[in-house]
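These are my notebook entries on one structure. I set out the terms as I needed them and recorded what I looked up under each topic.

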Amino acid sequence: MTAGPLLQVRDLAVDFSTSQGEVQAVSGVSFDVRAGECLAVVGESGSGKTQVLMACLGLLASNGTTRGSVQFAGRELIGANERLLNTVRGTGIGLLSQDPLSSLTPHLRIETLLTEGLLDRGLASRDEAHERALRALAEVEIPEPQARLRQYPHELSGGMRQRVALAAALMCGPQLLFADEPTTALDVSVQARVLKLLAGVRDRGVGVLIITHDLGVVAGLADRVAVMYSGRIVETATTDELFSAPRHPYTAALLAAVPRLHGVAQSRLVGIPGDPPQPSARSPGCAFAPRCDRAVERCGDSRPELTPSAGVNPCMTAQGDSIAARAVPLAAVACHRPLQDRAEIA
Amino acid sequence: MVEAVPADSRRQSLWGDAWQRLKHSRAAIVAAALLLLVCALALVGPWLSAYTVEQVDWTQATLATPPSLASGHWFGTDANGRDLFVRVWIGTRMSLLVAVLATIVSVVIGVAWGATAGYLGGRVDGWMMRFVDVLYALPYMFFVIILTVVFGRSLVLIFLAIGAVGWLTMARIVRGQALALRQREFVEAAIALGLPPATIIARHIVPNVLGTVIVYATLTVPQVILFESFLSFLGLGVQEPLTSLGRLVAEGALEMESSPWLLLVPSAVLASVLLCLNFLGDGLRDALDPRQRR
């Protein structure tokens, strides 16, 4: 890859026009994913994580509109025609979706599911495609690949199906993999296996953008993390920094809500009081303010911008002044009163 | 590694697999065998008899003779002294031809139209389905009469006309299913794989609606057979001396009391054809769904 990031997302906003009026699902989201790097987007249900992925791939529901810029390997995807999108989908960006049960077409054999992307584009002959499907299954550690190719999705276990889906997403050799809560539907031991495979994918130089609400997944796999709340990124940091010194109160609260096996014994798990705001009724201020124990009056009135964190190498060198070329900081927080150090995590 | 899978079997299609599964359904196999027998008789039956379809047998005591082996009229003769055995198989040939061709026409157009409208959705869907609604609103008897007047009476016209009317319902059914399938995650996965819409419709949507399509098609066949006899009755369909099962049944019903075989024989053939089609359709629907596999 060239020096620039594989995927540049700048000021991405997603709106849905519904019967209750315009709803902003995502706004002002910017991030980069580089080759061989794993970025995790963390957030609770409804925070707009999945819509970010869908917007990048042009897969939004028909009532959704996208603004901003998404550049993949230098090509702008927002507003791109279907032809370009179809070239990028599969061969440029692979998608691994949440539910392995429903993401594989039930009446097609595993072989067809794996090879159709290659065959349809004429990238391989039938025999080559067959060989590559065999290798792909072996790569995701599926035993007896020869026999599996002839089976149907319902004949495989959930974990196997998710690994087949991973193999299918990687068949056309994408440079970037989108994983939308890839482990949510799986049990813990299978989760670990899928995560290991994803780490292997990343180590082969593929950029991985993983969406999850599971901080355990983040800790094991991600190099960097972006925390989303109510359609915005509230904090980005490297995984180590985020876990050791979260700066946004929401991040801190999320971490405090995860049970720990080691370290300081917690007497009780701490929940976050209240509910996330409805996307249709967002306040002018910080979306987290009503649930935040550090909130002051200012938090309810003005929305904090994402600002590079103090003491962190602020940003990459800017490449120009268009939106697409603007650099994003590697670590930043959107809070009027960020936590300063570990002692403040109550 | 397990034992090697035979190299050629991996290229089996959906239909190849369906055939493998269909072989295990006894009812479907018996029905298919019976249907084949009926088809074979419809093809060669008329030659087995010494009589032809329009030949009147003056040698018998009455014109309508009951079935008998001795006279060579195995199914008897009709009120005009014509051999019923020959006429039944000629009629079966005609009815099956019309039914199968009209059903194929309606299935092909209906599935393609409905799946495209349902998958694309939005404005395209709106226009395509409004077009169907407009055609629905045409009284189709009227439509068929106009076609006959303009193009003259022909067999091809009958099944084209029937098929052209039949696809409307098929399109609505398939469109409804496609609309639901479009929301499914595997379709999204296929889009995310960069497959073009035509491929997604053909490979991921249509096979999923085949079960419904087959059930509906087996229901269409008897409708078409009856509709054809109705058209013939109006003088728009098959004309004498040719005949069809529907016509034979209708004529037989008139002579029911004096010569019951005229009703019973063609009815039995018609009923067994329809029954077999239903069993076969049922078996086929199960066979096309890989999850039904034992």
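**Terms and conventions.** I called a residue buried if 20 or more other C-beta atoms lie within 10 Å of its own, exposed if 12 or fewer, and partly exposed in between, with C-beta atoms placed from the backbone. I took helices (H or I, at least four residues) and strands (E, at least two) as DSSP runs, numbered from the N terminus. The model is predicted: local features need pLDDT of at least 70, side-chain atom pairs count only at pLDDT 80 or more, and totals for chains, interfaces and linings use all residues. Residues are numbered from 1 along each chain as its sequence is written, while chains are lettered from A and ligands numbered from 1 in the order in which they are written.

**Chain A overall.** I found 11 helices and 12 strands in chain A. Of its 346 residues, 47% are buried. I counted two residues as in contact if their C-beta atoms, placed from the backbone, lie within 7 Å. Among contacts in chain A between residues at least 6 apart in sequence, 64% join residues at least 24 apart.

**Helix H4(A).** I looked up the span of H4(A), residues 126–139: its 14 residues reach 20 Å from first to last C-alpha, close to the 20 Å expected at 1.5 Å a residue. The expected span is 1.5 Å times one less than the number of residues. Ala129(A), His130(A), Ala133(A), Ala136(A) and Leu137(A) are the buried residues of H4(A). Viewed down the axis of H4(A), they fall within an arc of 125°, so they line one face of the helix; the arc is that of the directions from the helix axis to the C-beta atoms. An α-helix has 3.6 residues a turn, so residues three or four places apart point the same way. The buried residues of H4(A) pack against H3 (110–120), H5 (145–149) and H6 (158–170) of chain A. On the other side of H4(A), I noted Asp127(A) and Arg135(A) as exposed.

**The sheet.** I took two strands as paired if DSSP finds at least two bridges between them. Eight strands of chain A form an open sheet with mixed pairing, in the order S6-S7-S8-S3-S9-S10-S12-S11. Its edge strands are S6 (93–96) and S11 (307–308) of chain A, each pairing on one side only.

How is S8(A) placed relative to the rest of the structure? Six of its six residues are buried, so S8(A) is largely enclosed. Gly207(A), Leu209(A) and Ile211(A) are buried on one side of S8(A), and Val208(A), Ile210(A) and Thr212(A) on the other. S8(A) runs parallel to S3(A), joined by five bridges, and Ala40(A) stands opposite Ile210(A). S7(A) and S8(A) also run parallel, with five bridges; there Leu176(A) has Gly207(A) as its bridge partner.

S10(A) (232–238) and S12(A) (332–333) pair in the antiparallel sense over two bridges; the partner of Glu235(A) is Val333(A).

Most residues other than glycine have a negative phi. I therefore looked for exceptions, citing the rule again: most such values are negative. Ala73(A) has phi near 45°, in the loop between S4 (64–72) and S5 (75–76) of chain A. It counts as partly exposed, with 17 C-beta neighbours inside 10 Å. Ser230(A) has phi of about 55°, in the loop between S9 (224–229) and S10 of chain A; Ser230(A) is buried, with 24 other C-beta atoms within 10 Å. Just after H4(A), Glu141(A) takes a positive phi of about 60°.

**Chain B against chain A.** I found 28 residues of chain B in contact with 28 residues of chain A. H7 (185–192) and H8 (197–233) of chain B each supply at least two residues of this side of chain B, and H7(B) gives the largest share, seven residues. The residues on this side of chain B divide into 15 nonpolar, six polar and seven charged. Here Ala, Val, Leu, Ile, Met, Phe, Trp, Tyr, Cys and Pro count as nonpolar, Asp, Glu, Lys and Arg as charged, and the others, Gly among them, as polar.
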